[in-house]
Amino acid sequence: MAFPTETVYGLGADALNPRAIAKIFKIKKRPTFDPLIVHIAEMEWLHKLTRQVDERTLTLIKKFWPGPLTLVLLKSSLVPDIVTAGLDTVAVRMPAHPVARKFIKLSQTPIAAPSANLFGHLSPTTVAHVEKQLGKKIDLILDAGKCPVGVESTVLSLVGGKPVLLRPGGLPLEEIEKVIGKVVRQSKTKTIQSPGQLQSHYSPRTPMKLFKSLNQIPLNNNVGVLLFKRPVLKIKARTVEILSEKGDLTEAAANLFLALHRLDESGVKIIYAECIPAVGLGSAIMDRLERASSKSAT
Ligand code: TXA
Ligand code: MG
C-alpha cells in the first residue's frame, strides 16, 4: 500500500517477501535492475539487513536518523535479491514521519518502498498525486496530507573507502560533510552507480526547459513558468508557479512536485523552470529540475 513519509509518498511492501516486491515493480512499471530502499523503524533491523555497521555509519545514523538519509551498505543474506536488483548492497532508511514509523512498526517487517509514482514520472507529495498515477492498481493509500520535505531522501553509499553521494535529496550534503568530512559526488557522466539515477527521471509529460533569467524566455499564453521566488514584475504566461514567495529553499523543496504536477496539468505546451542556487536543499531541487528537463533538452 501507499504511505506517507516526510519526503514523498512511498509504495510499500514486505521487504522480505519476493512476491510482494515483484508486485511493486509491476505496478510501477519499474525495470527490475533498479533496486528499492528498505525502510525500518527500529535499529535492530539495520543489523539484520546489513553486514557492515561501522563507526562512520553509526555516526551518521546517530545524527540524521530518523530522517531523509538513505545509506547504501553491504547486504545480508536475509534481503531478497529482487529488492537489491542482484547487487551485493542494500539501501536502508529510517523515515521520520510518524505515520510511516507506525505503519512499519505494526507491519513487524522492514518495508521496501520506491516513490509511489509510475517509473520515470513525477514523485507524489499528496494522496491526489498517488491516486492519479496508481489509484486503480493499489489497495490502500494512507493519507497524511502533504509531505513536509517534498524531495526524496539523500542517498549515500558507504560501501567503498570514501562515502559517495548517489542522489542529492532532503538532507543537504553540506550537513553530512560537517559530520564525516568530504563526500565524493557521483559524476553525471560516469557509469551509473545508483541505477535509479537515469538522466530522464522525475519527468512531467510536458516538455520542460531551464532558464536563468526571465528575459531569456518567450512569454505567451502557451507557456507555464516555474519560479523560485516572487518576481518583481508581473509575468505574462498561462500558468505561473512560485516555489517560495520569499525564496526560502526549504519551502521551495516542499512545493516542488506540487508545482510541477500543477504545471503539467495546466495544458501548457512548454514549462520554463528557473534555475535555483545549488546550495543546501537547492542541490536536490536543481537535480530534479535538470532530470525533468533532460528529455526536452536540445
Ligand atoms: O525519499 C525517498 O527515498 C523515497 C521514500 C518513499 O522513502 N523513496 C524513493 O525511492 O525515492 P526510489 O525507489 O524512487 O529511489 C531509490 C533510489 C534509486 O535511485 C535507486 O537506484 C537507489 O535509490 N538505490 C536503491 N538501492 C540501491 C543500492 N543498493 N545501491 C545504489 N543505489 C540504490
Ligand atoms: Mg522514485
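The crossing of helices α8 and α9 is left-handed, a crossing being left-handed if the near helix is turned anticlockwise from the far one by less than a right angle, and right-handed if clockwise. The structure is a predicted model, in which local features need pLDDT of at least 70, side-chain atom pairs count only at pLDDT 80 or more, and totals for chains, interfaces and linings use all residues; side-chain values use heavy atoms, with hydrogens and water left out. Residues are numbered from 1 along each chain as its sequence is written, and chains are lettered from A and ligands numbered from 1 in the order in which they are written. Helices (H or I, at least four residues) and strands (E, at least two) are DSSP runs, numbered from the N terminus.

The axes of α8 (residues 249-265) and α9 come within 9 Å and cross at roughly 20°. Helix α8 is therefore roughly parallel to α9; angles under 35 degrees count as roughly parallel, over 145 as roughly antiparallel, 65 to 115 as roughly perpendicular and the rest as oblique. Axes are lines fitted to C-alpha atoms, for helices over the stretch in contact, and angles run from 0 to 180 degrees between N-to-C directions. On the α8 side the contact (heavy atoms within 4.5 Å) involves Leu249, Thr250, Ala252, Ala253, Leu256, Phe257 and Leu260, which meet Leu281, Gly282, Ile285, Arg288 and Leu289 in α9. By class, the contact of α8 with α9 has nine nonpolar, two polar and one charged residues; Ala, Val, Leu, Ile, Met, Phe, Trp, Tyr, Cys and Pro count as nonpolar, Asp, Glu, Lys and Arg as charged, and the others, Gly among them, as polar.

Arginine 288 belongs to helix α9 (residues 281-294). Arginine 288 counts as buried because its relative accessibility is 0%; buried means under 20% relative accessible area, exposed over 50%, and partly exposed in between (1.4 Å probe, protein chains only). Not counting residues up to four places away in sequence, arginine 288 touches Glu152, Ser153, Arg167, Pro168, Gly169, Tyr202, Leu256 and Phe257.

Strand β8 (residues 154-157) is covered on both faces, with Thr154 and Leu156 buried on one side and Val155 and Ser157 buried on the other. Strand β5 (residues 69-74) runs parallel to β8 and is joined to it by four bridges, two strands being paired if DSSP finds at least two bridges between them. Within this pairing, leucine 71 stands opposite leucine 156. Strand β9 (residues 164-167) pairs with β8 in the antiparallel sense over three bridges, and here leucine 156 stands opposite leucine 165. The hairpin joining β8 to β9 passes through six residues.

Strands β12 (residues 223-227) and β13 run parallel and are joined by four bridges, with valine 225 opposite valine 240.

Backbone features in loops were also examined. A cis peptide bond, with omega about -10°, joins tryptophan 65 and proline 66; proline 66 is placed in the loop between α3 (55-64) and β5. Alanine 85, in the loop between α4 (81-84) and β6 (89-93), has a positive phi near 55°. Its relative accessibility is 26%, so alanine 85 counts as partly exposed. Glutamine 108 likewise has a positive phi, near 55°, and is found in the loop between α5 (98-107) and β7 (111-112). Glutamine 108 counts as exposed because its relative accessibility is 67%.
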